[in-house]
Amino acid sequence: MAYQTFVQEYLQMPIITRGYTTACVLTTLAVQLELVSPFQLYFNPILIVKQYQLWRLITTFLFFGTFGFNFFFNMIFTYRYCRMLEEGSFRGRTADFLMMFIFGSACMIICAFFVNLLFLGQAFTIMLVYVWARRNPFIRMNFFGLLNFQAPYLPWVLLGFSVLLGNTVWVDLIGMAVGHTYYFIEDVFPTQRGGFRILKTPHFLKVLLDPVPEDPDYSALPEERPGGFNWGPDPPPGPAPVPQ
């Protein structure tokens, strides 16, 4: 019964959230079982450029460390805010959500060329949290029962908590910077005078991922009646039959 409940809940997850969190868990599990080494996954510009180890551009976002508090903490936040974004402001726009993934990843990789960062998964999580927080500014948050604050302060709270855990501050700052960049070009700049959408999702992604919109004229079509009879108004009653 528990297994069936888990499978049902897993299949109900939106596709991007399911795919990303599954990839993160499987990557960490592979490292835990010593099928691969973290040295084969981390971001290394020299190996990427000179030896064409292009998979590092992806695996750097999938490894959060071995199983432990830091891994579960990051995965909970990744799953929670990724799913809330996909089911919230990106509902029905899966292609746009994937485009946010591509944009955020590309920006972080560019930053990683100038800042010595090996894994970018935590920065990616902070980006998701930042975008969600800015799009839900009036939601009240509670952090471990200790702090009460509005949603836009959540990335800063996580930054402070990350520093207490001994993590480098640059990871979270890059995630927040990329998240703010995406929020500005998607939610702020297009609403300004003379503004327009800078980030446009390719049409083929929309064809692959987004549901086909219903025909707006479909509801205006006459409803078919079963049986092929004339279902017009009832005829007026005739004279009563004369008893024999």
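Predicted model: local features only at pLDDT ≥ 70, side-chain atom pairs only at ≥ 80, totals over all residues.
Local features rest on pLDDT of at least 70 and side-chain atom pairs on pLDDT 80 or more, while totals for chains, interfaces and linings use all residues. Residues are numbered from 1 along each chain as its sequence is written, and side-chain values use heavy atoms, without hydrogens and water.

The protein contains 10 helices and two strands. Helices (H or I, at least four residues) and strands (E, at least two) are DSSP runs, numbered from the N terminus. Their order from the N terminus is α-α-α-α-α-α-α-β-β-α-α-α. Of the 244 residues, 38% are buried, that is, under 20% relative accessible area with a 1.4 Å probe and protein chains only.

Helix 5 (69-87) has 19 residues and should span 27 Å at 1.5 Å a residue. The expected span is 1.5 Å times one less than the number of residues. Its end C-alpha atoms are 27 Å apart, which agrees. Buried residues of helix 5 include Phe71, Phe77, Tyr81 and Leu85. The buried residues of this helix pack against helix 1, helix 2, helix 6, helix 7, strand 1 and helix 8, where contact means heavy atoms within 4.5 Å.

Leu26, Leu29, Leu33, Leu35, Phe67, Phe72 and Ile76 form a nonpolar surface patch. Patch residues have over 30% relative accessible area and no salt bridge, and nonpolar side chains are joined within 5 Å. A salt bridge places a side-chain nitrogen of Lys or Arg within 4 Å of a carboxyl oxygen of Asp or Glu. Together the patch residues have about 710 Å² of accessible area, from the Shrake-Rupley method with a 1.4 Å probe. Helix 2 and helix 5 each supply at least two of the patch residues. Leu29 lies in helix 2.

Terms used. Patch = residues over 30% accessible without salt bridge, like charges linked within 9 Å, V, L, I, M, F, W, Y side chains within 5 Å. Buried < 20%, exposed > 50% of the residue type's maximum accessible area, 1.4 Å probe, protein only.
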